[in-house]
Amino acid sequence: MAVKKGLFKTSVGRKNLMAVTGLFIIFFLIIHLVGNLILILPDSFFPVEFWGGVENVHNMYNAYSHFLVSFWPVTLVAWVLYAAIMIHVIDAIIITLQNNKSRGEKYQVTDNSTSNWYSRNMGILGTIIGVFIVIHMAQFWLKYKVLGTEHDLYELVFAIFKVRWFVLIYEIGIIALGFHLIHGIESAHRSLGIYPKKVMNIIKYVALCFSLVMAILYAIIPIILYLK
Ligand code: HEM
């Protein structure tokens, strides 16, 4: 049956869209991590004469967050990010519903190399990350960027990570993110191109190392701030 479908209505188109939006979100996650690692640097990292007026982590982090809201290209990229997150989530829901409906045509499950538990549970991991992001955005993004009720982001982050429950929620969200990333990176490469098995093995290894480093670096931030 020759049914003409729009590019992103086909299963391949949807998977490509998931891959492209996913890779963009990863790009954001790297930048976001680098910015937030400022939080765990020692004050001695900022000699005033070198950093021009910035004498501690508190000032540096607030200068960084002020830059995020005052430099328009960053705002533009942030809007692209919100769109990418929405598209990624909606696409994931559609793909999952379609897979449940048509069991015979399941998304990539015929490939044994992706049969780790986290590959089969991308929906659950994605849901945990989704809940985490809603909590996270309500805590920081909403108060600082949207409502403008908080002006000292460093104080806010510090206050949040003094609460044990929030640290636990962040650790759960970040562990889910780590596993989601391993499969996501592998899967994005599979969707965007056909690679020989040897190259795919290298991509899998790189995905594993990258996701591990990202998860560990994200995970230590709340713990260090809690103990500080
Ligand atoms: C554990 C360390 C983290 C800290 C301290 C942190 C801190 C913050 C802060 C202060 C903001 C509001 C200001 C800004 O836009 O940058 C923010 C925004 C955001 N965070 Fe995080 N974050 C962390 C981890 C994460 C993780 C793991 C994710 C994704 C799963 C994430 C996703 C986001 C998103 C999507 C925004 C909105 C970005 C924007 O408006 O440009 N964050 N984060």
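Trainee: I've got this much: a crossing is right-handed if the near helix is turned clockwise from the far one by less than a right angle, and left-handed if anticlockwise. In which crossing, left-handed or right-handed, does α8 pass α9?

Mentor: In this predicted model, the crossing of α8 past α9 is right-handed.

Trainee: And what sort of residues make up the contact of α8 with α9?

Mentor: That contact has 20 nonpolar residues, along with 3 polar and 3 charged ones.

Trainee: At what angle do the axes of α8 and α9 cross?

Mentor: They cross at roughly 165°, and the axes come within 9 Å. Angles over 145 degrees count as roughly antiparallel, so α8 and α9 are roughly antiparallel to each other.

Trainee: What about α6 and α8, at what angle do they pack?

Mentor: Their angle is about 135°, and the axes lie 9 Å apart. That is why α6 is described as oblique to α8. As for the hand, α6 passes α8 in a left-handed crossing.

Trainee: Staying with α6, how far does it span between its end C-alpha atoms?

Mentor: It spans only 30 Å, whereas a straight helix of 25 residues would span 36 Å at 1.5 Å a residue.

Trainee: Okay, new topic: the ligand. Which residues come nearest to it?

Mentor: There are 22 residues around the ligand, and those that come nearest are N36, A78, F140, W141 and I221.

Trainee: Last one! How does the shell divide by class?

Mentor: By class, 17 residues of the shell are nonpolar, 4 are polar and 1 is charged.

Technical notes. Residues numbered from 1 in each chain as written. Predicted model: local features only at pLDDT ≥ 70, side-chain atom pairs only at ≥ 80, totals over all residues. Near = placed C-beta within 6 Å. Nonpolar A, V, L, I, M, F, W, Y, C, P; charged D, E, K, R; others polar. Helix = DSSP H or I, 4+ residues; strand = E, 2+ residues; numbered from the N terminus. Expected span 1.5 Å × (residues − 1). Axes fitted to C-alpha atoms, helices over the stretch in contact; angles between N-to-C directions. Parallel < 35°, antiparallel > 145°, perpendicular 65-115°, else oblique.
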